[in-house]
Amino acid sequence: MKKFMVITSETLGKGDDELGAILMRVFLTCLGQGDEVPEVLGLMNGGVKLACEGSPVLEELKRIEERGVKVRACGTCLDFFDIREKLIVGEAGKMPETVAGLMTAEDAIVLS
């Protein structure tokens, strides 16, 4: 596996959540338009909300997925937030798949 990216929050960085939401949208837009994309985009903890109904970045995630990226939202996290049925982009993943993916990736990138 070439690149495995994990996003653990709805916002990018710490400090101001409004700014963090703007940065996340810009980041995902740039990721979807860039020359390279990860093989897998794993969403964990609050990051799973990005792929669910009502998320302001659904279109950006759809574009990323259309480029062949496997979008995996942590199933445990979806259940914890009681939003599994609201998942719009990607599919529910399992922790063993995440661990195996991270361990075999040439590059692992974690954003929180």
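1. Let me start inside a helix. At a relative accessibility of 17%, Thr98 counts as buried, because buried means under 20% relative accessible area, with exposed over 50% and partly exposed in between (1.4 Å probe, protein chains only). Thr98 is found in helix H4, residues 95-104; helices here are DSSP runs (H or I, at least four residues), strands are E runs of at least two, and both are numbered from the N terminus. Leaving out residues up to four places away in sequence, Thr98 touches Phe4 and Met44, where contact means heavy atoms within 4.5 Å.

2. A word on what you are looking at. This is a predicted model, in which local features need pLDDT of at least 70 and side-chain atom pairs count only at pLDDT 80 or more, while totals for chains, interfaces and linings use all residues. Residues are numbered from 1 along each chain as its sequence is written, and side-chain values use heavy atoms, with hydrogens and water left out.

3. Thr11 sits in the loop between E1 and H1 and is buried, with a relative accessible area of 14%. Not counting residues up to four places away in sequence, Thr11 touches Asp17, Gly20, Ala21, Met24 and Ser112. Thr29 belongs to helix H1 and is partly exposed, at 22% relative accessible area. Thr29 and Asp16 are 13 residues apart in sequence, and their C-alpha atoms are 20 Å apart in space.

4. Next, please look at how H1 and H2 pack. Helix H1 (residues 17-33) and helix H2 (residues 58-66) meet at an angle of about 25°, and their axes are 9 Å apart. That makes H1 roughly parallel to H2; angles under 35 degrees count as roughly parallel, over 145 as roughly antiparallel, 65 to 115 as roughly perpendicular and the rest as oblique. The axes are lines fitted to C-alpha atoms, for helices over the stretch in contact, and angles run from 0 to 180 degrees between N-to-C directions. H1 passes H2 in a left-handed crossing, meaning that the near helix is turned anticlockwise from the far one by less than a right angle.

5. Which residues in H1 meet H2? Arg25, Leu28, Thr29, Leu31 and Gly32 do so, and on the H2 side they meet Glu60, Leu61 and Ile64.

6. The largest nonpolar core has 30 residues, and Ile7, Leu28, Leu41, Leu43, Val48 and Leu61 touch the most other members. Such a core is a set of buried Ala, Val, Leu, Ile, Met, Phe, Trp, Tyr and Cys residues joined through side-chain atoms within 4.5 Å. Strand E1 (3-7), H1, strand E2 (40-43), H2, strand E3 (70-74) and helix H3 (75-80) each supply at least two residues of this core. E1 gives the most, with four residues.

7. Leaving aside neighbours within four places in sequence, Ile7 is in contact with Met24, Leu28, Leu41, Gly42, Leu43, Met44, Gly47, Leu50 and Leu111.

8. Finally, check two backbone angles. Asn45 is not a glycine, yet has a positive phi of about 50°. Asn45 is found in the loop between E2 and H2 and counts as partly exposed at 47% relative accessibility. Asp82, also not a glycine, has a positive phi of about 55°. Asp82 lies in the loop between H3 and strand E4 (91-93), and counts as exposed at 57% relative accessibility.
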